[in-house]
Amino acid sequence: MVLAHLMFAFAALLAGGIAGLLQGLVRGGMVTLPAGIGYYQLLTAHGVLMALIFTTYFIMGFIYGGLARTLGGKLLASSRALGWGGFAVMSLGTVLGTIMILLNKATVLYTFYAPLKADKLFYIALVLIVVGSWISGAGMIQNYVYWKRTHKGQTSPLFAFMGIVTMALWLIATLGVAVEVLFQLLPWSLGWTKTVNVMLSRTLFWYFGHPLVYFWLLPAYMCWYVCIPKIIGGRLFSDALARLSFLLFLLFSIPVGFHHQLMEPGISPFWKYLQVVLTFLVVIPSLMTAFSLFATFELAGRARGGTGLFGWLKKLPWKDARFFAPFMGMLIFIPAGAGGLINASNQMNAVVHNTLWVTGHFHLTVASSVALTFFGITYWLIPAVTGRRLTPRLHKWGIIQTLVWAFGMFIMSGAMHLVGLFGAPRRTAYTTYGDSAEGLSWLPYQAAMAIGGIIVFIGILILIGIIIGLFRAPRGEEEFPIAEPEPDALPVPRYLERWSVWIGIAVVLILVAYTIPVMDMLQTDSPGARGYVTW
């Protein structure tokens, strides 16, 4: 089951990568699409397949594998059944949605913003993807609850705890997009309603859309906190700190969607301000994570004989692809996080909001920090599942793949950030804007974006080659690395596993942040918008 999720994820990565490559070449003015293929059609496929499908399938497989590893050695039969059921429903939705995009009946971009109107089958596909993920999440929670019931008084394994926090975040966040699709977009596309409340639909989407970022990030953090210390020969820095940081992410990553809508009319400045404040609170668990990780690195490096202020850095296993790829993701997340603070600041957001700066930020977070960490996980997870060995040659190719991917993203995302500051808009195909001086000045940066995209696509091909190599590697043992706490570590406080309290606080924060604004949107005498098909 873990392997099925991973293979589906990488199939989506390859297909989305092809769409992204063509998209970059078109935006750079290097090619003209054949056979009536539309630029925005590619943009939709690229966003949906890579940002939604690749990440969700990989995360599901990774968490299920970790639950089996930490909760007794194998999953419950009923949990496996739910996992396979969720996989089947999600896959049906993915195939149906992809067909609609390829048929040019759902060219509504990754955000599927109303009043752009897709075919009803596309919205049905979205429902299947979300419902399938709920089924899979139910299997994870069932397995965790069974372990807690049969191990009364014991602290749950850290990986399992983090996996359940991640799924709790996903289940709460997807309620917003489920309401949007089921009660707004699907009836609208079926002709049952003539108009749609655009402000409400966008609010429901970003209620889901920002926590989605942390649904991507938290599994990467799971690897950083739990797996990387074992790989480098260290121990957990602090089990309690790791749990607390995850709970804080759960609290502060959901009621903040308005910071994606700072330029939208119809939302009171007070409610935008409140959600911006909550957004900045996410910095706290992020800094806790950074402190914990680099403390782990330093302790491990010094245990290996590193001396002096930075001598421990030399002792880290830089030639181990399992460490090097996630470490590069950590480094890239530093500027990515700084860019996020700019995007969430009202005045600075006004400058960059509808520019390629935002696209560059997106590619630093999910396409760099998250993706590189997922690649590092792949290098040991597939061998651990299939009973193969990660050979020195595959390690070497993993290092090469990481460098190629990071270099390509550096060029592509760097060009996006720079030209975004000069005002180049996002979401647009190649154009010289009537040969205006301003529009022409953006073209060299767009060419650099295309070159970076070509390099990134080469990284995808190398990754696919490594995955094929992993299946052909010699038989052997490859561990699922789970770090142990320090021998003298303090016990984990029991309040950190009181789920009703933490989920209750999250619900209260959501109600405080959204109840009055959503009531205002429902009561406002808005004429609504009819559907538009612009492709």
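A quick definition before the views: helices (H or I, at least four residues) and strands (E, at least two) are DSSP runs, numbered from the N terminus. This is a predicted model, where local features need pLDDT of at least 70 and side-chain atom pairs count only at pLDDT 80 or more, while totals for chains, interfaces and linings use all residues. Residues are numbered from 1 along each chain as its sequence is written, and side-chain values use heavy atoms, with hydrogens and water left out.

**View 1. The second largest pocket, with α16 as its main contributor.** On a 1 Å grid over the protein atoms alone, a pocket is an open set of points with protein on both sides within 12 Å along at least five of seven lines, and a lining residue has an atom within 4 Å of a point. This one holds about 280 Å³ of space, a volume being the space filled by probe spheres set on the points, with grid points joined across faces, edges and corners. Of the 13 lining residues, L204, Y207, I510, Y514 and V518 lie nearest the centre of the pocket. Helices α5, α6 (198-231) and α16 (499-523) each supply at least two lining residues, and α16 gives the most, with six. By class, the lining has 10 nonpolar, three polar and no charged residues. Here Ala, Val, Leu, Ile, Met, Phe, Trp, Tyr, Cys and Pro count as nonpolar, Asp, Glu, Lys and Arg as charged, and the others, Gly among them, as polar.

**View 2. The largest cavity, at about 140 Å³.** A cavity is a set of grid points where a 1.4 Å probe fits but cannot get out. Searching the whole structure turns up four cavities of 30 Å³ or more. Around the largest one sit L52, I53, T56, F112, L126, I129, V130, W170, V177, V181 and F208. The elements giving two or more residues to this lining are α2 (39-70), α4 (120-150) and α5 (158-189). Sorted by class, the lining of the largest cavity comes out as 10 nonpolar, one polar and no charged.

**View 3. The second largest cavity, with about 50 Å³ of space.** Its lining is made up of V48, I53, G93, T94, G97, T98, I101, F122, A125, L126 and I129. At least two lining residues come from each of α2, α3 (77-102) and α4, and α3 gives the most, with five.

**View 4. A salt-bridge network of K148, D239, R243 and E497.** A salt bridge is a side-chain nitrogen of Lys or Arg within 4 Å of a carboxyl oxygen of Asp or Glu, and the structure holds seven of them. Start with E497 and K148, whose closest N and O atoms are 3.2 Å apart. That pair links distant parts of the chain, with E497 in the loop between α15 (437-471) and α16 and K148 in helix α4, 349 residues apart. Buried means under 20% relative accessible area, exposed over 50% and partly exposed in between (1.4 Å probe, protein chains only). E497 counts as buried because its relative accessibility is 14%, whereas K148, at 25%, counts as partly exposed.

R243 also meets E497 in a salt bridge (3.4 Å, N to O), again joining distant parts of the chain, 254 residues apart. With a relative accessible area of 1%, R243 is buried. R243 bridges to D239 too (2.3 Å, N to O); both lie in helix α7 (residues 239-252), four residues apart, about one turn of the helix. Like R243, D239 is buried.
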